Amino acid sequence: MNIAVVGTGYVGLVTGVTLSDIGHNVTCIDIDKEKVEIMKKGTSPLYEPGLSELMNKNIKQSRLFFTTNHAEGFANAEVIYIAVGTPENEDGSANLAYVEQVAKDIAQYVVQDLIVVTKSTVPVGTNHKIKTIITENLVNNIKFEVVSNPEFLKEGSAIKDSFEGDRIVIGADSSEASAIIEKINQPFGVPVFRTDVRSAEMIKYASNAFLATKISFINEISNICDRVEANVEDVAKGMGMDKRIGPDFLKAGLGYGGSCFPKDTKALIQIAGNVHYDFQLLKGVVNVNRKQQRMIIEKLLERMPDIKGKRIAVLGLSFKPNTDDMREAASIVVTNSLIDRGAEVIAYDPIAMNNAKKILAPEVEYSTSVKGAINESDAVLILTEWDEIKDIDLNFFSEMKYPLVVDGRNCFDLETMREHHIEYHSVGRPSISCQFEKTYA
Amino acid sequence: MKIAVIGTGYVGLVTGVCLAELGHHVTCIDVDQEKVEKLNSGKSPIYEEGLEELLQKNLHNEQVEFTTEYQQGLKDKQLVYLAVGTPQGEDGSADLTYIEAASRDIAEHLENDTVIVTKSTVPVGTNEYIKEIIEANLVHEVHIKIASNPEFLRQGSAVYDTFHGDRIVIGSDDEEALELLEAVNAGFNLPIVKTDLRSAEMIKYASNAFLATKISFINEMANLSEKIGANIDHVARGMGMDKRIGESFLNAGIGFGGSCFPKDTRAIISIGKEIAYDMPILENVVDVNERQRSIIVDKLLKRVYDLKGKKVAVLGLSFKPNTDDMREAPSIAVTEKLLEEGATVVAYDPVAVANAKKVLPGQVNYAESAEEAVQGADVAIILTEWKQIKEFPLTGYKERMNKALLFDGRNCFNLDQVKDSGVEYHSIGRPVIYG
């Protein structure tokens, strides 16, 4: 099948590359000339394990092309995927300007019958809107159908997810169009669920909102555990063994971040608001998450009330491990708060430091190694559970002036920290005091 | 092993009988003389599939016995299970009166070292409190250890769940007590989670509160789907295929009831209040559930306006199928509201009618079957998804009602089934079908 993918952000690029890998001829279109040149050489503009390899392979086999030219990209396309961004407006709603522009471009340039597939996460009703825009602006006399095919990729494992996902959702009001999109996706070997357009749009929001709920739920429980001296890891294990609950997304920590959960939960609240429905439960989820990002500062201040002039090491900056994505990362709120209180901040992240420099306060210093960050610091905060941070040599902590670690991601075993004489505060677990002769300065 | 179980309510009786079935020698103690006699004659005071058979078998094999006497019941027992009720106090917290009374009775009569095992659902910290009460009131010089072993039974399948549950949680701060409990439960062949006392107590509350959250979440999605023109069956299916979400507890309806979810969710909120910690998610879960109950009557009133003199058939009364439990059942609020609006109510439930008569308003009439209930009715409402109700055919409504107008609070029918059935069908989170 000849396919065009519009937008080479995270979703668009992964979609285009994986569709070419299962044998389709794919042209990815992006208006950013420089980016297109880079991608033509087989270089991925974003960090995603396995993506560059697949790009190179399919470029070599002449199944994957990049262009800035819509007319060229749409020339033979039987299916066009819309995969441009839908950033968050100030009121939490999704900004559809890019999507609408693509619809107009399609109307202007397409020369044959085709199916338009929306990959971008869009509010309920948007696919019908896309259909209207294309119909109203159509230059050539062609027929088209609109299909919703929401992406369920996880940053850091997007390639794997494409081939091993739990389901592919296809929403269409035409069963012929639905059947064609099912056929395109067949080689992925993932179960397909066909439904109407609106329900497909809802599935995407509902799924992310539910997972966000699960995260905020366990964080609420962890805060109770903190106060009643239970251990949230054991509580989560006991809960997760219940098959109706399941073990995933029950890790207490600093809450969710990234480009999906915060945006999609707020968008769903907004969608509900538009039809005068007050989605109370989800509002609670968003509130808990907001508070949770600040929780680690409270824990630090409880232990060290005045951090003015203190040197605080911050380990991990990206919103989760294995990505350089800084969107809605807890590190933003945390470093700002530390600097506001007069602390010196020395940060380390294995991958995300370049992105972090664009977003974090300019006062933040960066270290090229974990050890460099910890050295000479008065306290260590852990914000992202990178393997490199979890596997750290614990003697680095022991060698601090006074070993004080506040861990927002429960990276370490309590017993091990006790054995290393490290004062250790984590999330929803008993604190470990430092039974060591070093005194707190 | 020799075990005493205190309390022969739902949890105590199932626990005692199932432990006996594993080969332990079990003595169940209850202060209610009449109940004890009934049990000794092999009659179960509650309806629970398979329970009476197991009871009779183990009475016959002399593996289980029932008594009102603590002294005799506690004699030589290696473990004493506390399985008395913890009803909800007025402020939503758990009422520990029965636990406290049982603890004092144990202290008075205990003559040998033993492990006290709490089966009842109790707030975090209660096990330490139980230990204090017993130790403060001991008459003989004995040592006790304390452990938590929360029950995860579902009414209607409690016996099955005991043998096929997902996990057994045992919590204690004493290693020997943990080992003993592990040995007692080994025969069930289920995965065992060993943890400390407080975490074990939390697991029970957190699990039920999470399932309640899942129900309220999907109910909110259903309300939203209705307004937006999506179909909640499809939304739930697409969500549930995500393994991190899972398909269970994603059935939209008129909310949860029963003795566990409402009570445990409020209890955890109340634990939060005591330590000045707000729980916005769980507070909303409870609020949403309250609202969800009235949704079916709201839909009905929107469609019919005036219920005065109308005959309404109510199908299903228990809070869920396969139980006669009426605690926190939506049928209570629904029938009250219908009567208030001036309707005549005819109710049917396969099992719960006897219990329903005690809690529903006196004006409610009862039918022997779904056929009889809908005969000549103006409106029918489904509140519980009993098999008998799901399998009552749409033609039955069409043929027996004045005009077949059905409000289904449990989405018992597939929309394709309803099309061309001649039944006007309103359900939860799905388009109205004018069949």
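What distance separates the centres of domain 1 of chain A and domain 3 of chain A, taken over C-alpha atoms? In this predicted model, the two centres lie 38 Å apart. The domain assignment of chain A places domain 1 at residues 2–195, domain 2 at 203–286 and domain 3 at 295–425.

Domain 1 and domain 3 of chain A are in contact, through 5 residues of domain 1 and 9 residues of domain 3. About 560 Å² is buried between these two domains, and carbon and sulfur atoms account for 45% of that area. On the domain 1 side, the greatest losses of area to domain 3 fall on Tyr47(A), Glu155(A) and Gly156(A), which together make up 84% of what that side buries. The side of domain 1 that touches domain 3 comprises 1 nonpolar, 1 polar and 3 charged residues. Between domain 1 and domain 3 of chain A, the count of salt bridges is 0. Polar contacts between the two domains number 2 residue pairs, with both residues of each pair at pLDDT 80 or more.

The interface between the chains was examined in the same terms. The size of an interface is often given as the accessible area lost when the parts come together. For chain A and chain B, the buried area is about 5,700 Å², with 68% of it on carbon and sulfur atoms. The contact draws on 58 residues of chain A and 59 residues of chain B.

Across the interface of chain A and chain B, 4 salt bridges are found. One of them joins the side chains of Asp242(A) and Arg167(B), with an N to O distance of 3.7 Å. The interface of the two chains also holds 19 residue pairs in polar contact, again with both residues at pLDDT 80 or more.

Several secondary-structure elements of chain A each supply at least two residues to the side that touches chain B: strand 8 (192–195), helix 9 (197–228), helix 10 (232–240), helix 11 (261–274) and helix 12 (280–303). Helix 9 of chain A gives the most to this side, with 21 residues. By class, the side of chain A that touches chain B consists of 30 nonpolar, 12 polar and 16 charged residues.

Definitions and conventions:
Residues are numbered from 1 along each chain as its sequence is written. Chains are lettered from A and ligands numbered from 1 in the order in which they are written. This is a predicted model: local features need pLDDT of at least 70, side-chain atom pairs count only at pLDDT 80 or more; totals for chains, interfaces and linings use all residues. Side-chain values use heavy atoms; hydrogens and water are left out. Contact means heavy atoms within 4.5 Å. Buried area is the accessible area (1.4 Å probe) that two parts lose on being put together, summed over both. A polar contact is a pair of N or O atoms within 3.5 Å; within protein, one must be able to donate a hydrogen and the other to accept it, and residues adjacent in sequence count only if both atoms are side-chain atoms. Helices (H or I, at least four residues) and strands (E, at least two) are DSSP runs, numbered from the N terminus. Ala, Val, Leu, Ile, Met, Phe, Trp, Tyr, Cys and Pro count as nonpolar, Asp, Glu, Lys and Arg as charged, and the others, Gly among them, as polar. Domain bounds come from an automatic or database domain assignment.
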